Amino acid sequence: MERFDMSKDCHGVWENCLNVIKDNIQADSFNQWFKPIKALKLENNILTIQVPSTFYYEWLEEHYIDILRKVIKRELGADGKLEYIVIVDSGATKGNSMTFPATNNKEVKNPSIYMPIDINHGHNEVVPNPFIIPGLRKIKVNSQLVERFSFENFVEGSCNRFARSAAYAVATKPGGGSQYNPLFIYSEVGLGKTHLMHAIGLKVKEIFPDKTVLYVTAEQFLQQYVESVKVGNFNDFVNFYQMIDLLLVDDIETLSGKEKTQDTFFHIFNHLHQTGKQLVISSDKAPIDLIGFEQRLLSRFKWGLSVDLQTPDYETKVAILKRRIYIDGNMDYPEEVIEYMASSINSNIRELEGAWNAIVAQACLNKKEITLDLAKQIVDKYVKVTTKEITIEQIQKIVCDHFGLTIEACNSSSRRREIVQVRQLVMYCAKLHTKSSLASIGRYCGNKDHATVLHACKTINNLIDIDKHFRAQVEQIEHKIKS
Ligand code: ADP
Ligand code: MG
């Protein structure tokens, strides 16, 4: 055969293989998994190819072994063989087209490993699981962890003691007991959920260097899912996640209403849970209060342990600020600045840190020392701007006061017209001026469902359109809410 003879150098043989492979797999997978491969040599009917990491080799073996066998047989005949050599790039990581957190090649200790693969396996023979081939290190994943968010830098206080110790228990024994799996951490923003998740990840990597740890935000997970469906490597996406030993998913509330992503996460969750892998999930609400989630997923969230983080007390705030200043490299500051900040910022730790950053920035800019005066100026400005957000409680009080109705009456199940209208107005204003969902507004207004809130918003909108007198009332109320 002409083709056979002419292509007896390694490049030609591999080129022929690629042409066949290309026609048989998705273009994107081809670019991702086959383009980076180089043909090295052809000796004794053994074709040696170079792959960039062990992860690559494992992936090829798991996903493309059949096609590889076929093309090698086609090109080299029945006694042809394929060998991989892993050569790890020591240079800086180049732009990588992988949509998942990329492997960290630098962590592979052994710079070049030969892995002979016998292409002549019969077809009914089971493809060996690449992850248990002796001598192969486990895949290395970029865990996306931030060093600063360690347990050492996490200040303990009564607001977080229970959550912290649960997190620590999980970190020292990941997947160890189903009572901690999943660990579900919830709180309002800026109280340390993300910090605690990273702390778990860092500790696990420290104690168990061989475990594969991955931190992702639910948003990232969602994006990756969408992307994988788009380019047709959904299976790769799922397989990737199923290889993780400790999976930390932050801000799970982002998946609210995203049924398909939830479905995928459900399967990944089950796989990991069943194989004794640890899951840690964070959210802005307790599982029971999450809206827009499949019931079966919520029930999984409740399997393990749920812990919450509260706003810190004065002493904890002082300690957190001092720790932060210490990490940043010890600035000089009068003690009273910290005391002032801790007593006047009550919202959350992120704002506390934000105000401190603003003070430092201002002091550096003007080449001045940090003083109580400066702190006061900035905290006043800072806190005023950021705490302006209005709550449903405040809205309800304004509306009820305006009509001389009590909160109890408003939240009752009375169907009297005047009461219904005030209640609807509260719902309407809450929808307009807060970020609360229809369901949570309904729950707040005496346990009504989201359809009732939706109906209320429509009714009020109509009334505003057709009733001049009513419109004037609403305008007055809006004015009160805004001031
Ligand atoms: P969340 O994820 O709940 O919104 P973060 O984890 O992002 O909150 O925390 C906000 C900031 O506050 C981060 O910079 C974090 O390091 C800091 N922080 C929160 N809790 C603590 C703590 N107990 N000790 C030290 N720093 C903390
Ligand atoms: Mg967070």
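**Close-up 1. His195 and the polar contacts of ligand 1 in the predicted model.** An N or O atom in the side chain of His195 sits 2.7 Å from an oxygen atom of ligand 1. Val155 contributes through its backbone: an N or O atom there lies 2.8 Å from a nitrogen atom of the ligand. Asn160 uses its side chain, with a polar atom 3.3 Å from a nitrogen atom of ligand 1. Taken alone, ligand 1 exposes 560 Å², and the protein buries 94% of that.

**Close-up 2. The shell around ligand 1.** The ligand is surrounded by 18 residues. Gly190, Thr194, His195, Arg350 and Glu353 are the closest. By class, the shell has 7 nonpolar, 7 polar and 4 charged residues. Helix H6 (193-207) and helix H13 (349-365) each supply at least two of its residues. Domain 2 (127-308) and domain 3 (316-382) both contribute to the shell, so ligand 1 lies between them.

**Close-up 3. The aromatic pair Phe151 and Tyr168.** The structure holds 18 aromatic pairs. Phe151 lies in the loop between strand E4 (112-117) and helix H5 (161-172), and Tyr168 in helix H5, so the pair ties together parts 17 residues apart in sequence. Phe151 is buried, at 4% relative accessible area. Tyr168 is partly exposed, at 31%.

**Close-up 4. The aromatic pair Tyr333 and Trp356.** These rings are also edge-to-face: 5.9 Å centre to centre, 80° between the planes. Tyr333 is in the loop between helix H11 (314-327) and helix H12 (335-344), while Trp356 is in helix H13, 23 residues apart. Tyr333 is partly exposed, with 23% relative accessibility. Trp356 is buried, with a relative accessible area of 2%.

Terms used:
Residues are numbered from 1 along each chain as its sequence is written. Chains are lettered from A and ligands numbered from 1 in the order in which they are written. This is a predicted model: local features need pLDDT of at least 70, side-chain atom pairs count only at pLDDT 80 or more; totals for chains, interfaces and linings use all residues. Side-chain values use heavy atoms; hydrogens and water are left out. A residue is near a molecule or strand if one of its heavy atoms lies within 4 Å of it. A polar contact is a pair of N or O atoms within 3.5 Å; within protein, one must be able to donate a hydrogen and the other to accept it, and residues adjacent in sequence count only if both atoms are side-chain atoms. Accessible areas come from the Shrake-Rupley method with a 1.4 Å probe; for residues, only the protein chains shown count as cover. Helices (H or I, at least four residues) and strands (E, at least two) are DSSP runs, numbered from the N terminus. Ala, Val, Leu, Ile, Met, Phe, Trp, Tyr, Cys and Pro count as nonpolar, Asp, Glu, Lys and Arg as charged, and the others, Gly among them, as polar. Domain bounds come from an automatic or database domain assignment. Rings of Phe, Tyr and Trp (its six-membered ring) pair if their centres lie within 6.5 Å; planes under 30 degrees apart count as stacked, over 60 as edge-to-face and the rest as tilted. Buried means under 20% relative accessible area, exposed over 50%, partly exposed in between (1.4 Å probe, protein chains only).
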